[in-house]
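User: I would like to go through this model and hear, for each label, which value stands behind the term.

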Amino acid sequence: MRSLVMLLYVLVVGTFTFVDSKTDVIVNIGAILTSKSINGRVSTIAMKAAVDDVNSDPNILPGKRLSLSIHDANYSGFLSIVGALKYMEDDIVAVIGPQSSVMAHVLSNLANELHVPFLSFTALDPSLSPLQYPYFIQTAPNDLYQMTAIAEMISYFGYREVSAIFTDDDQFRNSIYTLGDVLSERRCKLSYKAPLPPDASLSPQDIHDALVNVRSMESRVIVVHTYSNTGLSIFNTAKTLGMMKKGYIWIATTWLSTVLDSTGIPPNNVSSIQGVLSLRPHTRDSYQKNDFLNRWKILSNGSVGLNPYGLYAYDTVWMIARAIDKFFNEGGSISFSNDSRLVDLKGTKGLNLGALSFFDGGKQLLSNLLETNMTGLTGDVWFNPDQSLVHPAFDIINMVGNQGLVLGYWSNYSGLSVQSPEILYAKPANRSSSNQRLRGVIWPGNTKEKPRGWEFSNNGRPLRIGVPLRVSFKETVTQVNGSHEIRGFSIDVFRAAVKLILYPVPYEFIMFGDGLKNPSYTELVNKVAYNVFDAAVGDIAIVTNRTKAVDFTQPYIESGLVVVVPIKKIDSSAWAFLRPFTPLMWVVTLAFFIVVGAVVWILEHRLNDEFRGPPKKQLVTIVWFTLSTMFFSHRENTLSTLGRMVLFIWLFVVLIINSSYTASLTSILTVQQLSSPIRGIESLITTNERIGFQVGSFAENYLMEELNIPKSRLIPLGSPQEYAEKLEQGFVAAIVDERPYIDLFLANHCSFQVVGQEFTKSGHFKRTPH
């Protein structure tokens, strides 16, 4: 009997009703929240004001009155369940709440079964799927968007690893898992999670131990996602542990901005939150919002400040009122039916589950709620097909003193910007990295210099640097005589870079490969992406698909693909001077000499004494004159106009013949000749000849995927010696490899040469991935 009396006392005392005094048809809605919490206090005032405004508006629910019953859960999940069950007995058509995602998972099942919509602006767990819980509606942007905003902030500042401190319950846990997912999409990672017990069992020692563990990690970027009281305690403890000094980056979720807006930061906490970044749900400035802000001082009597969740509470009431109004306008009527499955479930001590009623119009009311299209205090209010609110956005604030300075905004439409989202909605979406901007931050330690974001931890390990264990071209990277000494050009570049760092960087080289053949460089890059290695150093070409998995340093060697083919030397002989022209060319040239000499003689011998005399003399003159023109040394003058014209033309022809002969002879005597018809990659593609490539190189995939060369034509080769052997034997017609390797190969093998131009779709470089 004492238990039953206590339960009845809770049901009576824990619930109070706010109803307009006019006696019209009453439409009952309920709310489940913790009245003593910040959001509970703000929401209670806002919802009462909304009910007043609805009931005073003749255009909404004419002839009907909206009645709001508020159940105080008092931080208790059990009392939340009790309140929900009571509402299911009292013909409630919709419930605002619960306040916590912990209970949302439970009560959403009740809503599904009894077709009573539950609407919450604070239970924002992203795992509350509308597919699983169609009757649960989140009327504020859920934590998927808040975690996305945090991930984009972290990526914007260039940090790669993050630690998270959170309360380990459904209100926060799933959001942290979501943060890990969205960070990985931006090639960052959630490297450490520090869960805290729920507030009811949390002790100061728990907070201290969690922060000590976080401090021992390398990352100095810390996200705090918890309840407001716990969050303030975390920062106080962090300050005593020296974790609010220069070098740390703290990001608090919306709980901190809620405290700032509604109660202000307590004086004993102000010094411990300096430089902290936080988020606030963004609500559009409007006349209605400013008017409500002016009314708030009277509504709250100065007891608590208005925060965005109060605006969402107000809009939620209006959302329900409009949906019910549409429900009545479409001919609906409020009626409830008993669930046949519960009729016989009547307890012997007053618990009567059979009294739980099924809302007959719940499906239609739910549809009306999801079709909401209105302008509220928060801005445009309507839902996407996945039941999420349109235009989720947050203000990004920086705690300085006891104020929050707005650094910019995040919206799902355009990312980070110093312009308000409303301005950007009118422009084409632009999520490019160059368009992401925030104002300057004052970081912990009162510095404007951006922290590095990591430190070497006390229990840290050296960086694991993967090095390809090559069996060919060991000049790049190699392990000397099987010992632990590793040398090579890429290693020298890495060590020189490490020496330039002003602080010590412990690292260890780990060889990758079996030593029998060159390792797969794509596999090595994947090892970095999967954190098997922290970085890799070597002759690793940048390829498009690799850039999607890892970051690369600045390039230090340009590296395109080239084609190598065999060449042959033509033996020199005493008759080499005849090779520039073919025999026919020699005959034609000689004939021209004779003909030109005869023509000049015909034109000159009547007028020019130098072309007269005995026949023998004239014959010698003709031959001498013609041959001497080859060297432009003829002594005979031409007097006739036609003779001079013929001589001018002939001298021009002789100039061309001399130049061609000289160039051809020089080429024959100095340049080796190709023994292959291949002149570059284009002619190589058109043949059916076999092509050699280096084992482990990206050249194989490039030739197959980009140039569509069949794999059957591609022959893997493991060393420069094998290159030379296969080319000399004619087993392969050409070798395709990267320029640095080919330069090394040709330095020791002179019977081959590069043909054509370097190729690849885009530039390829040697870099170090990390």
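User: Which residues are buried in helix α23 (residues 720-729)?

Analyst: This is a predicted model, in which local features need pLDDT of at least 70 and side-chain atom pairs count only at pLDDT 80 or more, while totals for chains, interfaces and linings use all residues. Residues are numbered from 1 along each chain as its sequence is written, and side-chain values use heavy atoms, with hydrogens and water left out. In α23, the buried residues are P720, Y723, A724 and L727; buried means under 20% relative accessible area, exposed over 50%, and partly exposed in between, with a 1.4 Å probe and protein chains only. Helices (H or I, at least four residues) and strands (E, at least two) are DSSP runs, numbered from the N terminus.

User: What puts these residues on the same side of α23?

Analyst: They cover an arc of only 90° around the axis, and therefore lie on the same side of α23; the arc is that of the directions from the helix axis to the C-beta atoms. After α23 comes G730, which has a positive phi near 75°.

User: Why is the pair of Y156 and F157 called edge-to-face?

Analyst: Rings of Phe, Tyr and Trp (its six-membered ring) pair if their centres lie within 6.5 Å, and planes under 30 degrees apart count as stacked, over 60 as edge-to-face and the rest as tilted. The structure holds 22 aromatic pairs. In the pair of Y156 and F157 the ring centres are 5.1 Å apart and the planes stand at 70°, so the pair is edge-to-face. With a relative accessible area of 9%, F157 is buried, whereas Y156, at 32%, is partly exposed. Ring pairs also link Y156, F157, Y159 and W443 into a cluster.

User: And what makes the pair of F292 and Y314 tilted?

Analyst: Their ring centres are 4.9 Å apart and their planes are at 55°, so the pair counts as tilted. This pair links distant parts of the chain, since F292 belongs to helix α11 (residues 287-300) and Y314 to helix α12 (residues 308-329), 22 residues apart. Both F292 and Y314 are buried.

User: How do you know that K64 lies over the face of F328?

Analyst: A charge sits over a ring if NZ of Lys or CZ of Arg is within 6 Å of the ring centre and within 35 degrees of the ring normal. K64 lies over the face of F328 at 4.5 Å from the ring centre, and R690 lies over the face of F731 at 4.4 Å from the ring centre.

User: Why is F652 called exposed?

Analyst: Its relative accessible area is 51%, and F652 is therefore exposed. F652 is found in helix α20 (residues 641-670).

User: Is L627 buried, partly exposed or exposed, and where is it found?

Analyst: L627, found in helix α19 (residues 615-628), has a relative accessible area of 40% and is therefore partly exposed. L627 and I594 are 33 residues apart in sequence, with a C-alpha to C-alpha distance of 9.0 Å in space.

User: What is the phi of N74 and of Y75?

Analyst: N74 has a positive phi of about 50° although it is not a glycine, and Y75, also not a glycine, has a positive phi of about 65°. N74 is found in the loop between β3 (64-72) and α3 (77-89), and Y75 lies in the loop between β3 and α3. N74 is partly exposed, with a relative accessible area of 36%, whereas Y75 is exposed at 57%.
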